[in-house]
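Here is a short briefing for a first look. Take a moment with the sequence and the model, then read on.

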Amino acid sequence: MGPNGPGHAPARRSGFAGARAGTSGLMRTDDTGEPAAATITPYQDGPLLVRGDFALVTPDGERIDARRGTVALCRCGRSALKPFCDGTHKMVNFRAGTTREG
Ligand code: FES
């Protein structure tokens, strides 16, 4: 596996909580009421956690092997394992909220 593979478990090193009880239920899309195939959750001062049935692809459409149903994607821009979070956000003191407002 290459360095982009999620098998390196960056989520555990990054210190964010990961999947928690009460957050794994199916979300419904606003427009159809159908269950969402995947959810994306911005973590306070941390990555975007993607859960569910999704495909991670390059801009050229090449598939990036996520290997599991939940991945943490870097949003601080400093990970050495992009697009995956490697925990660097903590070392660079990345700050971002969980909503548009903060
Ligand atoms: S969000 Fe974790 S390394 Fe960027």
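Asn93 sits in the segment after H2. Asn93 is exposed, with 8 other C-beta atoms within 10 Å. (A residue is buried with 20 or more other C-beta atoms within 10 Å of its own, exposed with 12 or fewer, and partly exposed in between; C-beta atoms are placed from the backbone.) Asn93 is not a glycine, yet has a positive phi of about 60°.

This is a predicted model: local features need pLDDT of at least 70, side-chain atom pairs count only at pLDDT 80 or more, and totals for chains, interfaces and linings use all residues. Residues are numbered from 1 along each chain as its sequence is written.

**Overall layout**

- The protein has two helices and three strands. (Helices, H or I with at least four residues, and strands, E with at least two, are DSSP runs numbered from the N terminus.)
- Along the sequence, the pattern reads α-β-β-β-α.
- The protein has 102 residues, and 18% of them count as buried.
- Among contacts with a separation of 6 or more, 45% come from residues 24 or more positions apart. (Two residues are in contact if their C-beta atoms, placed from the backbone, lie within 7 Å.)

**Confidence**

- The average pLDDT of the protein is 79, and 74% of the residues score at least 70. (pLDDT is the predictor's confidence in each residue, from 0 to 100.)
- Of the elements, helix H1 (residues 10–14) has the lowest mean pLDDT, 40. Helix H2 (residues 88–91) has the highest, 98.
- Over residues 1–24, pLDDT stays under 50. For that stretch the model has 41 contacts beyond four places in sequence.

**The sheet**

- In which order do the three strands lie in the sheet? The order is S1-S2-S3, in an open sheet with antiparallel pairing. (Two strands pair if DSSP finds at least two bridges between them.)
- S1 and S3 are the edge strands, each with a single partner strand, so one side of each has no neighbour in the sheet.
- From one strand to the next, the twist averages 20°. (Axes are lines fitted to C-alpha atoms, for helices over the stretch in contact, and angles run from 0 to 180 degrees between N-to-C directions.)
- Five bridges pair S1 (residues 38–42) with S2 (residues 48–52) in the antiparallel sense.
- S2 and S3 (residues 70–73) also run antiparallel, joined by four bridges.
- Leu49 in S2 is the bridge partner of Thr41. Leu49 also stands opposite Ala72 in S3.
- Arg51 has Thr70 in S3 as a bridge partner.
- In a regular strand, side chains alternate between the two faces of the sheet.

**The hairpin turn**

- S1 and S2 form a hairpin, with five residues between them.
- Asp45 is in the loop between S1 and S2. Asp45 is not a glycine, yet has a positive phi of about 55°.
- Is Asp45 buried, partly exposed or exposed? Asp45 is partly exposed, because 17 other C-beta atoms lie within 10 Å.

**Leu48 in strand S2**

- Leu48 lies in strand S2. Leu48 counts as partly exposed, because there are 16 C-beta neighbours inside 10 Å.
- Leaving aside residues up to four places away in sequence, Leu48 touches Ile40, Thr41, Pro42, Leu73 and Arg75.
- Leu48 and Arg75 are 27 residues apart along the chain, while 6.6 Å separates their C-alpha atoms.

- His89 is in helix H2. With 25 C-beta neighbours inside 10 Å, His89 counts as buried.
- His89 and Ser79 are ten residues apart along the chain, and their C-alpha atoms are separated by 7.4 Å.
- Pro83 is in the loop between S3 and H2. The peptide bond from Lys82 to Pro83 is cis, with omega near 15°.

**The annotated region**

- Over residues 57–95, the chain is 10% helix and 10% strand. The end C-alpha atoms of this region are 26 Å apart.
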